[in-house]
Amino acid sequence: MRHRTIPGSSGTPRPLRLYGDPVLDRPCADVTAFDGELAALIEDMFATMYAENGVGLAANQIGVPLRVFVYDCPDDEERRHLGHLVNPELVEADGPVVRGPEGCLSLPGIEAGTPRHDHAVVTGFDVTGRPVTVTGTGFFARCLQHECDHLGGGLYVDHLTGLRRRRTLRALARAPWAAAVDERAAEPV
């Protein structure tokens with residue numbers, strides 16, 4: 001029997017930043033202090049991800065421009081992968097490129113077939129500063145690549161081309177939450 005707490009159980013869900021918010025377009029800064037504030041941020045990120053029914057969440061999606069992400073994501077064999085990475089680096093993305101449906105908590109209700117490698121390796125640190133390497137295949141590899149993109153100021157839309165990209169951008173412009181993004185984009189981060 002495990003005696004660890006459930007990730008996010010001591011956290012507070014925070015408001016999500018949506019497509020068009022400038023914090024999502026900028027590369028995030030490295031974490032330099034592995035302390036209680038970082039631990040609290042990670043707890044809040046888990047709480048937010050679970051409240052929004054996500055499988056991954058980057059810190060800039062809640063307005064914190066630091067290189068941190070959390071995940072609770074299955075792979076294609078339905079094995080659950082649960083954890084977090086601080087200052088992650090995508091060191092390997094290889095294998096076949098698979099176009100699969102991809103969504104994002106910062107683009108609610110919008111999905112598009114996005115090409116991603118079927119295998120990914122990410123290195124980084126845990127909340128205490130201990131080095132960690134995470135390897136993923138299938139859907140979990142997609143999640144790792146997606147979250148690393150966020151921390152570099154990118155979104156899955158950046159991987160789309162042609163008609164798929166035009167349709168997605170049109171859907172984003174018509175999204176019911178788009179007006180709220182325009183108003184918030186003027187607010188300082």
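Mentor: A residue is called buried when its relative accessible area is under 20%, exposed when that area is over 50%, and partly exposed in between, with a 1.4 Å probe and with protein chains only taken into account. This is a predicted model, in which local features need a pLDDT of at least 70 and side-chain atom pairs count only at pLDDT 80 or more, while totals for chains, interfaces and linings use all residues. Residues are numbered from 1 along each chain as its sequence is written, and side-chain values use heavy atoms, with hydrogens and water left out.

A pair of aromatic rings is described by the distance of the centres and the angle of the planes. Rings of Phe, Tyr and Trp (its six-membered ring) pair if their centres lie within 6.5 Å, and the pair is stacked when the planes are under 30 degrees apart, edge-to-face when they are over 60, and tilted for the rest. By this rule there are four aromatic pairs. One of them joins Phe34 to Phe125, with 6.1 Å from centre to centre and 70° between the planes, an edge-to-face arrangement. This pair links distant parts of the chain, 91 residues apart, since Phe34 belongs to the segment before helix H1 (36-51) and Phe125 to strand S4 (residues 112-125); helices (H or I, at least four residues) and strands (E, at least two) are DSSP runs, numbered from the N terminus. Phe34 counts as partly exposed at 32% relative accessibility, and Phe125 counts as partly exposed at 30%.

Another pair is made by Phe46 and Tyr50, whose ring centres are 6.0 Å apart and whose planes stand at 25°, so this pair is stacked. Both residues lie in helix H1, four residues apart, which is about one turn of the helix. Phe46 is buried, with a relative accessible area of 3%, whereas Tyr50 is partly exposed at 30%. There is also an aromatic cluster, formed by Phe69, Tyr71 and Phe140.

Five strands form an open sheet in the order S1-S2-S3-S4-S5, with antiparallel pairing, where two strands pair if DSSP finds at least two bridges between them. Strand S1 (56-58) and strand S5 (131-137) are its edge strands, each pairing on one side only. Neighbouring strands of this sheet are turned by 30° against each other on average, direction ignored. Strand S4, which holds Phe125, is joined to S5 by seven bridges, and the two run antiparallel; one example is Val122, whose bridge partner in S5 is Val134.

Helix H2 (residues 138-151) lies across S1, strand S2 (68-74), strand S3 (80-102), S4 and S5, running at about 75° to S4. For that angle, axes are lines fitted to C-alpha atoms, for helices over the stretch in contact (heavy atoms within 4.5 Å), and angles run from 0 to 180 degrees between N-to-C directions.

Taken as a whole, the protein chain has four helices and five strands, which follow one another from the N terminus as α-β-β-β-β-β-α-α-α. Of its 189 residues, 46% count as buried, Phe46 being one of the buried residues.
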